[in-house]
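Work through the exercises below with the sequence and the model open. Try each task before reading its solution.

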Amino acid sequence: KNKREEFQKYLIWLVEKRAGESDCSQITTVLALDTVGVTESDMEFIKFFINLFMYYTADVMKKMVIHNMHWLLNGVWKLVSVMLSEGAKKRVLFQKNKDIYNALPKDSVVACCGGPDPHRYAK
């Protein structure tokens, strides 16, 4: 199996597991895109991701924070946004480092997004 399929299965498992926990009614997803450009964008994965969070688990998704999206990706967003309902679009927030606390509690923002949490994700 390819890496994308494995990651997609893991993401589905993670969302279903977290949504089933008693202390979690909704989740917020943060996409840190400061190192992603047009050449790294993967439309098939983007469609999967949107379908997972906006349709398959719509009741679980509180909001999706797009952090530091490069201006060149605005075209990709325009393509993606036509697939979304108006309600889904309202749950997608675009934030820069200075604005991240408008979308998230300060103590939950990781350092790579300008917050105090030193957690580093494996690459």
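**Exercise 1: a charge and a ring**

Task: find where K106 lies relative to Y101.

Solution. K106 lies over the face of Y101, at 5.7 Å from the ring centre. A charge is said to sit over a ring if NZ of Lys or CZ of Arg is within 6 Å of the ring centre and within 35 degrees of the ring normal.

Two notes apply to every exercise. This is a predicted model, in which local features need pLDDT of at least 70 and side-chain atom pairs count only at pLDDT 80 or more, while totals for chains, interfaces and linings use all residues. Residues are numbered from 1 along each chain as its sequence is written, and side-chain values use heavy atoms, with hydrogens and water left out.

**Exercise 2: the overall layout**

Task: state how many helices and strands the protein has, and the pattern they follow along the sequence.

Solution. Step one is the count: there are four helices and three strands. Helices (H or I, at least four residues) and strands (E, at least two) are DSSP runs, numbered from the N terminus. Step two is the order, which reads α-β-α-β-α-α-β. Step three is burial: buried residues make up 33% of the 123 residues. Here buried means under 20% relative accessible area, exposed over 50%, and partly exposed in between (1.4 Å probe, protein chains only). Step four is contacts, meaning heavy atoms within 4.5 Å. Among contacts between residues at least 6 apart in sequence, 74% join residues at least 24 apart.

**Exercise 3: L31**

Task: is L31 buried, partly exposed or exposed, and what does L31 contact?

Solution. L31 lies in strand β1 (residues 27–32). Its relative accessible area is 23%, so L31 is partly exposed. Beyond neighbours within four places in sequence, L31 is in contact with F49, M64, V65, I66 and H67. The C-alpha atoms of L31 and C113 are 9.7 Å apart, although 82 residues separate them along the chain.

**Exercise 4: N68**

Task: describe the surroundings and the backbone of N68.

Solution. First place N68 in the loop between β2 (61–67) and α3 (74–81). With a relative accessible area of 15%, N68 is buried. Outside the four places on either side in sequence, N68 touches L33, D34, Q95, K96 and N97. The side chain of N68 also reaches the backbone nitrogen of N97 at 3.4 Å. This is a polar contact: a pair of N or O atoms within 3.5 Å; within protein, one must be able to donate a hydrogen and the other to accept it, and residues adjacent in sequence count only if both atoms are side-chain atoms.

Now the backbone. Most residues other than glycine have a negative phi. N68 is not a glycine, yet has a positive phi of about 55 degrees.

**Exercise 5: S81**

Task: which backbone atom does the side chain of S81 reach?

Solution. S81 lies in helix α3 and, at 11% relative accessibility, counts as buried. The side chain of S81 reaches the backbone oxygen of K78 at 3.1 Å.
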